[in-house]
Amino acid sequence: MPATYIKETSKFPEGLTLLSSPTPNGHKISLFLEFLRLSYHVKRIDVFANEQKQDWFLKLNPNGKIPVLLNVGKDGEIIDAVFESAAILIYLADKFDKDFKYHYAASDPHYYEELVWIFFQMANLGPNQTNLLYFLRLCPENIPYCIVRYTDEVNRVYNVLEGQLKKNGTGYLVGNKLTLADFTTWPWVNRHKFSKISMEKFPVLEQWRENIAQLEITKIATNIPPSEAWGIIED
Ligand SMILES: N[C@@H](CCC(=O)N[C@@H](CS)C(=O)NCC(=O)O)C(=O)O
């Protein structure tokens, strides 16, 4: 379903609205929305202009970061405003993936394993690669110690993911299907070049990355919202 772009910041249309930017955390959600083939609206947030720190945004996410998902009722009332990308994925799974196509039920032996790899991304991959990008690309000072530290950490985390993919042996992080664990992790690994991380030592992770990158739905989702004019976050 094509996403519909909106500009409004005070009243939102009925249904789902994703407040997002063309970044890995934003792409986790556009990926899942597209795989679920849902109709939704997108409000593009200019993070470099700090739109996510404006009052209207902070009322929806006091942490002042994208992504945020709004579920709006027919009279324009906000039923749910969910932030933290993993919480948004779980929200969407609970509400719209009733057949468990992309996640495991609490009764399934893979349920906790899926949670483990979702939390692993949120606590390890995301923060370390964010810090690496900051010290590589945004920090006004060149601080080699920090670049080395976060490069080492990201390599260490990629190695853990390489091990999990080898151990699981299905081409997916958990079980034998694409799940929230893959949606959470893929957009970050896909930004490895921009983070100056070589995939040479991670052939299984690189194959997994490439397989998901080649899917038509991935190509659509990673252009939501479009990234032109955002040279700073492109490879
Ligand atoms: N843990 C949060 C992290 C969100 C996050 O770091 N978002 C970035 C973009 S990828 C952002 O909004 N950066 C702008 C800022 O920090 O002000 C999540 O997973 O949703």
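Reader: Which residues does Phe-32 touch, not counting residues up to four places away in sequence?
Author: Phe-32 touches Leu-89, Leu-92, Ala-93, Asp-97, Tyr-102, Leu-180 and Phe-183. Contact means heavy atoms within 4.5 Å. This is a predicted model: local features need pLDDT of at least 70, side-chain atom pairs count only at pLDDT 80 or more, and totals for chains, interfaces and linings use all residues. Numbering runs from 1 along each chain as its sequence is written, and side-chain values use heavy atoms, with hydrogens and water left out.

Reader: How many residues has the largest nonpolar core?
Author: That core has 58 residues. Phe-32, Leu-92 and Phe-183 are among those with the most contacts inside it. A nonpolar core is a set of buried Ala, Val, Leu, Ile, Met, Phe, Trp, Tyr and Cys residues joined through side-chain atoms within 4.5 Å. Buried means under 20% relative accessible area, exposed over 50%, partly exposed in between (1.4 Å probe, protein chains only).

Reader: Why does this core lie between domain 1 and domain 2?
Author: Domain 1 (4-98) and domain 2 (111-218) both give residues to this core, so it lies between them. The domain bounds come from an automatic or database domain assignment.

Reader: How far apart are the C-alpha centres of the domains?
Author: The centres of domain 1 and domain 2 lie 23 Å apart. The contact takes 17 residues from domain 1 and 15 residues from domain 2.

Reader: New topic. Is Leu-138 buried or partly exposed?
Author: Leu-138 is partly exposed, with a relative accessible area of 45%. Its place is in helix H4. Helices (H or I, at least four residues) are DSSP runs, numbered from the N terminus.

Notes:
Helix = DSSP H or I, 4+ residues; strand = E, 2+ residues; numbered from the N terminus.
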